[in-house]
Structures are given as C-alpha cells and as structure tokens.
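Open your viewer and get ready to click along.

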Amino acid sequence: MKQRLLILAGGLIGLAVFSGHYNTFMEVGGEAFLASVVFEPFSWFLAIISFAAGFLCLGRILFYFLLPSNFFLEKWLYLTALLTMLFLYRYTALLILSLAVLYAIMEAAAYNKRLARYKRRENQ
C-alpha cells in the first residue's frame, strides 16, 4: 500500500511539474519557442522527464485500479485522485491520463498473459 501511495504521489508531482511547463510552452510561438529551446534547455528537459514520470506512474495506478481488489477504500482513493487531477490540470491531465490509460491496458494484457502462463505451468 505504501508503494502504491508513493507511485500516486509521483504521478501527481510529475503532472504538476509538467502542467506548469506545458502552459508556458503553449503561450510562446515562433521565434520565442526556438529561443526557449536554445537558451533554456533545462526547463524542456524537466518538462519531458516529469511528463514521462507522471505518465508511467499514473499508468501503473490505473493498472492497479483495474485489478480485482477487496480494498474499496484504495480504489476510491485512486478514483478521487484521478478526478481531482482532471479538475486541477484539465488539458495536461487529459493528455497524460489518455496515454496512461493505453499504457494500463497494455500492462493488464501482459499481466493476463503471465497469469495464464503460470496457471498452465501449475496444471502440468
């Protein structure tokens, strides 16, 4: 449970950092965009790293949300956190969560394949 809460916190922090940089990137255009890439590469690097971290962490949380569990409170916490992120960060959260859903579905498919493989080994 602690590990999942840390993953959720990592996703929230990654989304918050990316959202701050994403909004400033969308306001600049043309030459200002090129100047920000050339003269402020660290902010671009930070935005890309936080996007990747937020995307992977939230994908993992969505995967845990898809798993059958007896802990109703845990799933309620995940759902509340995801809805809060959508209300706070709107478009950036929608961007990251849409990709995280795809990642969670791929992770669930791989998990089901592994589970079926282990069940076949037990039956033999």
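A residue is called buried when its relative accessible area is under 20%, exposed when it is over 50%, and partly exposed in between (1.4 Å probe, protein chains only). Keep in mind that this is a predicted model, where local features need pLDDT of at least 70, side-chain atom pairs count only at pLDDT 80 or more, and totals for chains, interfaces and linings use all residues. Residues are numbered from 1 along each chain as its sequence is written, and side-chain values use heavy atoms, with hydrogens and water left out.

**Stop 1: E107 and R60**

Select E107, which counts as buried at 17% relative accessibility. R60 lies in helix α3 (residues 41-66) and E107 in helix α4, so the pair ties together parts that are 47 residues apart in sequence. Helices here are DSSP runs of H or I with at least four residues, numbered from the N terminus.

**Stop 2: E74 and R4**

How many salt bridges are there by this rule? The count comes to two, and E74 with R4 is one of them, its closest N and O atoms being 2.8 Å apart. This pair links distant parts of the chain, with E74 in helix α4 (residues 72-123) and R4 in helix α1 (residues 2-27), 70 residues apart. Color by accessibility if you can: E74 is buried at 6%, while R4 is partly exposed at 25%.

**Stop 3: along helix α4**

Select α4 from end to end. This helix has 52 residues, yet its end C-alpha atoms are only 32 Å apart, short of the 76 Å that a straight helix would reach at 1.5 Å a residue. That expected span is 1.5 Å times one less than the number of residues.

Where is the kink in α4 centred? Zoom in on Y89: the kink there is about 130°, where the bend is the angle between axes fitted to the seven residues ending at a residue and the seven starting there.

**Stop 4: S98**

Finish with S98, also in helix α4. S98 counts as partly exposed at 38% relative accessibility. Draw a distance from S98 to Y22: they are 76 residues apart in sequence and 16 Å apart in space, C-alpha to C-alpha.

Note on methods: A salt bridge is a side-chain nitrogen of Lys or Arg within 4 Å of a carboxyl oxygen of Asp or Glu. Helices (H or I, at least four residues) and strands (E, at least two) are DSSP runs, numbered from the N terminus.
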